[in-house]
Amino acid sequence: MGFFVFKKPNNDEVVFWTLQMNDFAPYINGVIKDFEVKNPNIKIKWVDVPFSEGEKRTLASVLSEDPPDLINLNPDFSALLAERGALFEIEDKYTEQFNKSIINSLKYNDKLYSLPWYATSAVTIYNKKLSGGFIPKTYDEVEKNALLIKSKTGAYVMLPNITENDTMLRILNKYGVTFANINGRKSVEVFNLFKNLYKNDLIPKETVTQTHREALEKYMAEKIVYFQAGANFLTMIKENAPSTYKNTDVAPQMTGDLEQNDFSLMNFVIPLRAKHKNEALKFALFLTSYENQLELGKLTNVLAVNEKTLKDDFYNHYEENDLLSKARVISAKQLNKIEPVMITSRNQKELNTLVNTAVQQILLEKGEIQNILDEIYNKYIKL
């Protein structure tokens, strides 16, 4: 168990899978070439897998006798594979170059089975004209000002996509709510906040079904004032709604009682049955070096996970009229306050479904909040 010193690599190929990264082929091929020059006995075979096929192909491969050596996945699916005993454990001594909070977020049962590759952290994209200069720091401030904003502008304060994936769980985490206290007082308060907004027509009726894509459409049409999303959405707004973009600015994401930020990750795993574990780890550490992380960030506008890279000017300075750079700097600073992170649980998809169903029941007043949350808690205990 654990990782040992690097052994002398052989001439066999290290098979490296990514998820839909072919648009950045020049970058990845360049990193591979650089690595092979520095490590002449190691060859890398890169395979780019369509995102929609990633989990299915990965599950089949890690159970085979000849899996890839290094695989790019999301943390939820990585945790599932770790739970099934399909991944190799990585010792903490190989994590010195990374943001420590991010490393902590990847641990499963206090053990590490993956390494981070890059992160994103949503910002609040808002319409300066419609906001009247008000920038909410918390969801509670949204609730307090939603009526005033709508009465003055006719626009909804936001379309919170709280039935999409784990959005509501992330919001609850900002108030210290986990499944262990999903039916507690604070959880009831948070659900009641969104119920009041919905009941009083201060967020769109479509909130019970629509996703961030529809929220983006409404923002571009100036039907909502605040939109929480990654910096990459600014490009879409600029290209598809230039008049809205002229009125757009960015601010830190909305928080809760704990004032921490949420974020998303893509990571690397090494299958337990991989034949070149040492070489795969060496390549993963090379991919996430200071220089390679900085180059990837400049190409894609994602956030580095390398601590030294995050201290580079690229993530700390921006020109006032450059919204993309401003959003990137705000996002990067948010990584300084991400704990306590929302730890992925086993049966995560089932848990997401439980919460999202509860959101719909509560907003549509299909029962008392406390009763609905008690039911979720009882189902969680049985899972």
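I took contact to mean heavy atoms within 4.5 Å, and I took helices (H or I, at least four residues) and strands (E, at least two) as DSSP runs numbered from the N terminus. Axes are lines fitted to C-alpha atoms, for helices over the stretch in contact, with angles from 0 to 180 degrees between N-to-C directions.

The model is a predicted one, in which local features need pLDDT of at least 70 and side-chain atom pairs count only at pLDDT 80 or more, while totals for chains, interfaces and linings use all residues. Residues are numbered from 1 along each chain as its sequence is written, and side-chain values use heavy atoms, with hydrogens and water left out.

I looked up the sheet and found it open, with 4 strands in the order E6-E7-E5-E8 and mixed pairing, where two strands pair if DSSP finds at least two bridges between them. E6 and E8 (248-251) are the edge strands, each pairing on one side only, and the twist averages 20° from one strand to the next.

E5 (residues 123-127) runs antiparallel to E7 through 4 bridges, with Val-123 opposite Ala-229, whereas E6 (residues 156-158) runs parallel to E7 through 2 bridges, Tyr-156 being partnered with Ile-224.

On E8, I noted 4 bridges to E5, again antiparallel, with Asn-127 opposite Thr-248.

Last, I checked the helices: H6 (residues 139-153) lies across E6 and E7 at about 160° to E6, and H15 (residues 323-334) lies across E5 and E8 at about 15° to E8.
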